[in-house]
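This report examines how side chains are packed and paired in one protein chain. It treats aromatic pairs, salt bridges and nonpolar cores in turn.

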Amino acid sequence: MSPFVISRTLPSDATAAALRADVAEGLTRSPKALPPKWFYDARGSALFDEITLLPEYYPTRAEREILLARAAAVDAATGARTLVELGSGSSEKTRHLIRALTRLDYYVPVDVSESALSGAAATLLAEHPRLNVHALVADFQYGLTLPDTPGPRLLAFLGGTIGNLLPAERAEFLAGLRTGMTPDDALLLGTDLVKDERVLVAAYDDARGVTAAFNKNVLTVVNRELGADFDPADFAHVALWDAGHEWIEMRLRARRPVLAKIPALDLTVHFTAGEELRTEVSAKFRQEGVRSELGAAGLELTHWWTDARGRFALSLSRPVG
């Protein structure tokens, strides 16, 4: 069996420190906000897996459809010997790519969770015993030093996760990726597309309430990690479409006045009745917008694939010059 190597560029205490900083800043600003990455403890990850199976939540199915149909075309266009996946999680989506990349020698999954990386690597090596896996515990949003692996490299950022970044954050992220790419490298990017508001809102506010539980889980994470005393029942799940920005926002709306103590930060947080905490932005895209953002970062869009219903897109881009 090929080797499995795991290295860490994220200090062991970085996650705890980042949570403290985000909660301290996000719950004392106006309007209040927390980054969506804090949904994903073990329970949050399980809830999200459940969300991807819901009839209302189309992105996972649409992206899988494209991968199954176009993975061979990605292989032909890139000739990738190394696949780098940003925010790999369980690596479920990339299995379709790994099977199709005929020259692939190395897989480099990047995630903040060491346990997720180890579990995914074990599964992949059982399926592909000749694959070299070099997992990287890192936060791809804050600079990325990749291991020395053979090119061409294909960087994959799937699931529409780029939509969770605000425009300035996306620009910085894409520019940072471009800086580390050679002329032979390519970026495979998953983007959810602008569509009917009713379809979008339903995807983030399902009839069974799974997304509501997922949204409120961020309060459970703050309670457990920082000793806070939020009662999730004090908040209602809200999903709305912001047509001006072309993004979905998930929020938690206080059902009544709330006073929550966060002992680890020596902080008391007040919510008035009806006050909202923004927990996620999920931007939706159009082809020309994606082309423009990639171009501003020094990347040229060369391929654009959508599912049969035009709900989701995978794009392939390369460094300019």
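Phe157 is buried, at a relative accessible area of 2%, where buried means under 20% relative accessible area, exposed over 50%, and partly exposed in between (1.4 Å probe, protein chains only). The model is predicted: local features need pLDDT of at least 70 and side-chain atom pairs count only at pLDDT 80 or more, whereas totals for chains, interfaces and linings use all residues. Residues are numbered from 1 along each chain as its sequence is written, and side-chain values use heavy atoms, with hydrogens and water left out.

**Aromatic pairs**

The structure holds eleven aromatic pairs. Rings of Phe, Tyr and Trp (its six-membered ring) pair if their centres lie within 6.5 Å; planes under 30 degrees apart count as stacked, over 60 as edge-to-face and the rest as tilted. Phe157 and Phe173 form a tilted pair, with 5.0 Å from centre to centre and 50° between the planes. This pair links distant parts of the chain, since Phe157 belongs to strand 6 (residues 153–157) and Phe173 to helix 6, 16 residues apart. Helices (H or I, at least four residues) and strands (E, at least two) are DSSP runs, numbered from the N terminus. Phe173 is also buried, at 5% relative accessibility.

Phe230 and Phe271 form an edge-to-face pair, with 6.4 Å from centre to centre and 75° between the planes. Here Phe230 comes from the loop between helix 8 (210–226) and strand 8 (235–242), and Phe271 from strand 11, 41 residues apart. Both Phe230 and Phe271 are buried. Elsewhere, Phe39, Tyr40, Phe48, Tyr57, Tyr204 and Phe214 form one aromatic cluster.

**Salt bridges**

A search of the whole structure finds 20 salt bridges, each defined as a side-chain nitrogen of Lys or Arg within 4 Å of a carboxyl oxygen of Asp or Glu. Three of them are listed below.

| Pair | N to O distance |
|---|---|
| Glu275 and Lys32 | 2.6 Å |
| Arg81 and Asp105 | 2.8 Å |
| Arg170 and Glu293 | 2.9 Å |

The side chains of Glu275 and Lys32 meet in a salt bridge. That pair joins distant parts of the chain: Glu275 lies in the loop between strand 11 (267–271) and strand 12 (276–283), and Lys32 in strand 2 (residues 32–33), 243 residues apart. Lys32 is buried, with a relative accessible area of 8%. Lys32 also lies over the face of Phe271, at 4.8 Å from the ring centre; a charge sits over a ring if NZ of Lys or CZ of Arg is within 6 Å of the ring centre and within 35 degrees of the ring normal.

A salt bridge also joins the side chains of Arg81 and Asp105. Arg81 is in the loop between helix 3 (59–78) and strand 3 (82–86) and Asp105 in the loop between helix 4 (95–100) and strand 4 (106–111), so the pair ties together parts 24 residues apart in sequence. Arg81 is partly exposed at 34% relative accessibility, and Asp105 is partly exposed at 25%.

Arg170 sits in helix 6 (residues 167–179) and Glu293 in helix 9 (residues 287–296), 123 residues apart. Arg170 is buried at 6%, while Glu293 is partly exposed at 27%.

**Nonpolar cores**

In soluble globular proteins, nonpolar side chains tend to be buried together. A nonpolar core is a set of buried Ala, Val, Leu, Ile, Met, Phe, Trp, Tyr and Cys residues joined through side-chain atoms within 4.5 Å. The largest has 37 residues, and those with the most contacts inside it are Val23, Leu27, Phe230, Phe235, Ile262 and Phe271. Helix 1 (14–26), helix 2, helix 7 (197–203), helix 8, strand 8, strand 9 (247–254), strand 10 (258–262) and strand 11 each supply at least two residues of this core. Helix 8 gives the most, with seven residues.

Leaving aside neighbours within four places in sequence, Phe230 is in contact with Leu27, Leu219, Val222, Asn223, Phe235, Ala260, Ile262 and Phe271, contact meaning heavy atoms within 4.5 Å. Ile262 lies in strand 10 and is buried, at 0% relative accessibility. With residues up to four places away in sequence not counted, Ile262 touches Val23, Leu27, Leu226, Ala228, Phe230, Leu267 and Val269.
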